[in-house]
Amino acid sequence: MHLHKYERYWLIFGGASLVIFLLITGIMAFHYGSHPPSAKKTINYEQVEQIAPFNKPGVHKVSGKDWDYEVVLVASAFYYNPPELKVPVGSKVKFIITSKDVVHGFEITGTNVNMMAEPGYISEYTTTVDKVGDYLIVCSEYCGVGHAQMHSMLRVVDSK
């Protein structure tokens with residue numbers, strides 16, 4: 001079978017691109033470790049209820065940090081603990097989340113907050129809540145048959 005010279009060039013280019021892509025992926029996965037980007041902190045996922053700050057989930061006012069509130073959540077089989085969060089508008093909030101069982105997502109609709117909650121890893125995200133309203137928190141990673149019912153609510157309230 002005869003290949004036109006341009007077909008040959010495209011086959012070489014495509015094959016070389018594939019090899020380079022796989023090489024980069026292999027280096028990133030094996031040399032640097034195959035961990036999520038926010039995997040700086042780890043915990044024993046079987047003892048989440050005994051490990052601070054997850055032993056007291058909810059909204060906590062903090063001082064002496066670059067943020068005003070810490071929102072600590074635990075994701076587990078089709079449930080976020082706590083199911084409702086309330087923070088004042090204009091606050092800088094650090095969301096801290098982990099999972100007790102499988103991979104869950106944590107997405108606050110209408111915002112840029114979107115994290116993965118993985119067993120054994122602590123995910124953190126800091127943002128400023130600047131609009132009053134109710135924001136639905138949904139699981140953005142398929143986690144089982146009750147995935148569609150896994151939700152929570154973030155209420156951003158006027159601080160007056």
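Analyst: A salt bridge here is a side-chain nitrogen of Lys or Arg within 4 Å of a carboxyl oxygen of Asp or Glu. Side chains of opposite charge can pair when their charged atoms come close. By this rule the structure has six salt bridges. This is a predicted model, in which local features need pLDDT of at least 70 and side-chain atom pairs count only at pLDDT 80 or more, while totals for chains, interfaces and linings use all residues. Residues are numbered from 1 along each chain as its sequence is written, and side-chain values use heavy atoms, with hydrogens and water left out.

User: Which residue forms a salt bridge with Glu49, and how far apart are the closest N and O atoms?

Analyst: Lys100 is the partner of Glu49, with 2.6 Å between the closest N and O atoms. Helices (H or I, at least four residues) and strands (E, at least two) are DSSP runs, numbered from the N terminus. Glu49 lies in the loop between H1 and strand S1 (58-61), and Lys100 in the loop between S5 and S6, so the pair ties together parts that are 51 residues apart in sequence. For exposure, buried means under 20% relative accessible area, exposed over 50%, and partly exposed in between (1.4 Å probe, protein chains only). Glu49 is partly exposed at 42%, and Lys100 is partly exposed at 31%.

User: Which side chain meets Arg155 in a salt bridge of 2.9 Å?

Analyst: That is Glu84, with the distance taken from N to O. Arg155 sits in strand S10 and Glu84 in strand S4, so the bridge ties together parts that are 71 residues apart in sequence. Arg155 has 25% relative accessibility and counts as partly exposed; Glu84, at 42%, also counts as partly exposed. Arg155 forms a salt bridge with Asp134 as well, at 2.5 Å between the closest N and O atoms. That pair links strand S10, which holds Arg155, to strand S9, which holds Asp134, 21 residues apart. Elsewhere, Lys41, Lys94 and Glu124 are linked in a network of salt bridges.

User: Which residues touch the most other members in the largest nonpolar core?

Analyst: A nonpolar core is a set of buried Ala, Val, Leu, Ile, Met, Phe, Trp, Tyr and Cys residues joined through side-chain atoms within 4.5 Å. The largest one has 23 residues, and Leu73, Tyr80, Phe95, Ile97, Phe106, Ile108 and Leu154 touch the most other members. The elements giving two or more residues to this core include strand S2 (69-76), strand S5 (92-99), strand S6 (104-108) and strand S10 (151-157). S2 gives the most, with four residues. A separate core has seven residues, including Ile43, Phe54, Val72 and Val74.

User: What does Ile97 touch?

Analyst: Contact means heavy atoms within 4.5 Å. Leaving out residues up to four places away in sequence, Ile97 touches Phe54, Leu73, Ala75, Tyr80, Phe106, Met115, Ala117, Tyr121, Ile122 and Ser123.

User: Is Ser76 buried or exposed?

Analyst: Ser76 is buried, at 13% relative accessible area. Ser76 belongs to strand S2 and touches Lys100, Asp101, His104 and Met150, again not counting residues up to four places away in sequence.

User: How many disulfides does the structure hold?

Analyst: A disulfide is a pair of cysteine sulfur atoms within 2.5 Å. The structure holds zero. The cysteine sulfur nearest to that of Cys139 belongs to Cys143, 3.8 Å away, which is too far for a bond. Cys139 is buried, with 7% relative accessible area, and Cys143 is buried at 12%.

User: Which residues make the nonpolar surface patch of about 560 Å²?

Analyst: Patches are made of residues with over 30% relative accessible area and no salt bridge; like charges are joined within 9 Å, and nonpolar side chains (Val, Leu, Ile, Met, Phe, Trp, Tyr) within 5 Å. Areas come from the Shrake-Rupley method with a 1.4 Å probe, and for residues only the protein chains shown count as cover. This patch is made by Tyr6, Tyr9, Trp10 and Phe13. Tyr9 is in helix H1 (residues 5-31).

User: What is the phi of Phe78?

Analyst: Phe78 has a positive phi of about 65 degrees, although it is not a glycine. Phe78 lies in the loop between S2 and S3 and is partly exposed at 31% relative accessibility.
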